[in-house]
Amino acid sequence: MLKFYYNTAPNPMKVALFLEESGLPYEPVPIDNRKGDQHKPDYLAINPNGKVPAIVDGEVTVFDSNAILLYLAEKTGKFLPENTPVARGQLLSWLMFVATGVGPYSGQAVHFRHHAVEKLRYAINRYAYEAERHFAILDARLGKQRYMLGDAYTIVDMAVWGWARLTPFVLGEDDAAKLSNLKRLVDEISARPAAARAIALKDRHVFKAEMDDEARRHMFPQNARLAG
Ligand SMILES: N[C@@H](CCC(=O)N[C@@H](CS)C(=O)NCC(=O)O)C(=O)O
């Protein structure tokens, strides 16, 4: 059975949503980042980047959330746009936009706003600005059409949902509230039974809740270089 290495962070949750939407049988395998599971040799053999998510599907291993979404969509033939060069161009563009822009800028915005050992006004402003700018591009598109690629719900909407459901945490409540079209999509997807099942995965395993010294040591190893 397909193994899904996960925790409840935004990138694994996109894949959890696809797995629940598609009905593919899978075994969720917890990777507790706050306990350092992501750095263990067995897991690094699956994902050399030491992050979640990853999947092992028979002899196929795939890591990076949007790569997994594309792999699973092509495997099942589900949640893809029509098979034309024009639609595929849009699919790849928006999938990569989320992978290389929305995700990384949101991640860094969260880091500097909530976790950095020094509260750096310049860094907080830089990443908040870029995260907000990326979400505003999604919001503008969703002001013109129901889903990211048009009339059909696809893996791009799932990729967007992973991060967009956390905009209050990423951007702050006030700036998140301005993204009304994005919120409409998030609310619609979150109301789907598959999303409820994906979110309920958090109850299947116990993950370390505290962001204490041990968790910071595993998640922010760069801090060791600041010591001394
Ligand atoms: N590009 C990767 C990023 C994965 C990523 O950053 N995952 C985070 C959780 S959302 C993680 O595992 N962080 C653990 C760490 O940095 O130690 C993807 O889209 O899957």
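1. Residues are numbered from 1 along each chain as its sequence is written. In this predicted model, local features need pLDDT of at least 70 and side-chain atom pairs pLDDT 80 or more, totals for chains, interfaces and linings use all residues, and side-chain values use heavy atoms, without hydrogens or water.

2. Around the ligand (a heavy atom within 4 Å) are Ala9, Pro10, Asn11, Asn33, Gln38, Lys51, Val52, Pro53, Asp64 and Ser65.

3. Val52 places a backbone N or O atom 2.8 Å from a ligand nitrogen atom. Of the 520 Å² that the ligand exposes when taken alone, the protein buries 80% (Shrake-Rupley method, 1.4 Å probe).

4. Val52 and Pro53 are joined by a cis peptide bond, with omega about 10 degrees. Pro53 is in the loop between helix 2 (41–44) and strand 3 (54–57); helices are DSSP runs of H or I with at least four residues, strands runs of E with at least two.

5. Most residues other than glycine have a negative phi. Asp64 has a positive phi of about 85 degrees and lies in the loop between strand 4 (60–63) and helix 3 (65–76). Phe79, with phi near 60 degrees, sits in the loop between helix 3 and helix 4 (85–115).

6. Is each of these two side buried or exposed? Asp64 is partly exposed at 42% relative accessible area, whereas Phe79 is buried at 18% (buried is under 20%, exposed over 50%, partly exposed in between; 1.4 Å probe, protein chains only).

Technical notes
Polar contact = N/O pair within 3.5 Å; in protein donor to acceptor, adjacent residues only side chain to side chain.
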